[in-house]
Amino acid sequence: MTETLPPGSVTPLCSGPPELSYPGLSPQLLARVKQLWSARGLDFDPCWRAGIRSLPGFHPVPRFDSSTNSAAVDLVFLFDQAMLWIRAMHAATATGHAHGVAGLTPDQWHGLAGITARLTEQLSALRLLALTGLPMPAMQIARAISEDVDMALVLLIRPKLAQRFALCRSAEDTNDFWRRHIAGGRAFKAIAEKLYGVGIDHSADTDYAKWRRSVLTTLSTAVHSNILSAADTGHSPNKALLNDDSIYFATYRVHELCAYAQLVTPDLTDWQRRTGELAPDSFAPLAAPLSAILINQIQSLSSPVSPRIRSAQAPRH
């Protein structure tokens with residue numbers, strides 16, 4: 001890798017096609033994604049410009065001439081697909097709450113709208129940090145994203161817990177709720193119990209649970225590591241994507257949220273379509289078709305790209 005700013009760090013024009021922001025992207029992956037969108041009557045390019053190119057501090061993927069394959073760039077492209085789905089889910093859940101759509105309780109709609117709004121901000125921040133050579137704060141955000149994914153699933157599973165969450169009126173209330181119901185693996189335990197009922201075993205002694213604990217331990221080093229032993233903090237452009245653990249884990253967890261939400265709430269797609277009909281000029285109409293696209297793409301995340309988190313490869317579901 002060179003010591004100068006790579007050509008890919010120049011932000012393409014807003015009107016340019018998405019692939020200009022992913023130099024080195026696999027042509028096969030791009031063609032497959034566009035085919036998946038087209039098959040559902042969707043035009044990928046304008047949706048990408050509205051949902052990704054418009055992000056605060058948008059940054060394209062840097063071009064690394066010495067890269068031997070497209071894996072790192074492909075990963076960011078899949079990450080952006082996941083972010084588009086989160087934005088669509090936020091629009092759908094906010095619409096569901098505003099219009100009192102049947103299927104979820106008002107507290108569930110409200111809680112999910114809040115969590116997806118926070119996930120949108122977290123994913124946007126993680127993207128910027130990871131692409132500009134700041135892996136440690138990106139890892140901190142990835143850990144928070146994982147917790148919010150668990151929280152979203154718990155709100156879908158337990159309406160009474162959504163009601164308790166809606167009653168939080170202060171930072172103290174929220175912290176108390178988090179300690180009692182989310183922290184320390186409590187949310188994951190509730191999710192694992194529900195998934196077991198539909199044939200997915202994520203109990204503590206499974207490969208998945210061990211992989212998850214290993215990943216969270218790795219991400220925790222960004223929060224709890226000894227700052228006196230920190231490495232050089234120079235922000236060379238070459239550091240961008242050299243540590244893409246945060247990008248991978250966040251992408252994987254959002255794909256899990258998409259897939260598991262369908263399993264624990266089988267009518268979710270119908271509710272998503274209803275909200276899309278009520279808010280046709282928002283991202284809400286993308287929620288249902290993007291759910292199918294993301295689930296189709298899960299297999300694309302099975303190949304290890306990053307040396308640490310994926311050295312213990314995420315188990316297939």
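Which residues do ring pairs link into a cluster? In this predicted model, the cluster joined by ring pairs consists of Tyr 22, Trp 37, Phe 44, Trp 48, Phe 58 and Phe 77.

**Aromatic pairs**

- Trp 48 and Phe 58, both members of the ring cluster, have ring centres 5.9 Å apart and planes at 90 degrees, and because planes over 60 degrees apart count as edge-to-face, the pair falls in that class.
- Since Trp 48 belongs to helix 2 (residues 44-53) while Phe 58 sits in the loop between helix 2 and helix 3 (71-99), the pair ties together parts that are ten residues apart in sequence.
- Both Trp 48 and Phe 58 are buried.
- Phe 165 and Phe 177 form an aromatic pair that is tilted, with 5.2 Å from centre to centre and 40 degrees between the planes.
- Phe 165 is part of helix 6 (residues 159-166) and Phe 177 is part of helix 7 (residues 171-181), so this pair ties together parts that are twelve residues apart in sequence.
- Phe 165 has a relative accessibility of 19% and therefore counts as buried, given that the cut-off for that class is under 20%; Phe 177 is likewise buried, with a relative accessible area of 4%.

**Packing of helix 5 and helix 10**

- Helix 5 (residues 135-157) packs with helix 10 (residues 245-264) at an angle of about 5 degrees, and their axes are 9 Å apart.
- Because angles under 35 degrees count as roughly parallel, helix 5 and helix 10 are described as roughly parallel to each other.
- On the side of helix 5, the residues that meet helix 10 are Ala 138, Met 139, Ala 142, Ile 145, Ser 146, Val 149, Asp 150, Ala 152, Leu 153, Leu 156 and Ile 157.
- On the side of helix 10, the residues that meet helix 5 are Ser 246, Phe 249, Ala 250, Arg 253, Leu 257, Tyr 260, Ala 261 and Val 264.
- Sorted by class, the contact of helix 5 with helix 10 comprises 15 nonpolar, two polar and two charged residues.

**Cysteines**

- The count of disulfides comes to zero, where a disulfide would require a pair of cysteine sulfur atoms within 2.5 Å.
- Cys 47 is buried, with a relative accessible area of 17%, and Cys 258 is also buried, with a relative accessible area of 0%.

Methods
Residues are numbered from 1 along each chain as its sequence is written. This is a predicted model: local features need pLDDT of at least 70, side-chain atom pairs count only at pLDDT 80 or more; totals for chains, interfaces and linings use all residues. Side-chain values use heavy atoms; hydrogens and water are left out. Axes are lines fitted to C-alpha atoms, for helices over the stretch in contact, and angles run from 0 to 180 degrees between N-to-C directions. Helices (H or I, at least four residues) and strands (E, at least two) are DSSP runs, numbered from the N terminus. Angles under 35 degrees count as roughly parallel, over 145 as roughly antiparallel, 65 to 115 as roughly perpendicular and the rest as oblique. Contact means heavy atoms within 4.5 Å. Ala, Val, Leu, Ile, Met, Phe, Trp, Tyr, Cys and Pro count as nonpolar, Asp, Glu, Lys and Arg as charged, and the others, Gly among them, as polar. Rings of Phe, Tyr and Trp (its six-membered ring) pair if their centres lie within 6.5 Å; planes under 30 degrees apart count as stacked, over 60 as edge-to-face and the rest as tilted. Buried means under 20% relative accessible area, exposed over 50%, partly exposed in between (1.4 Å probe, protein chains only).
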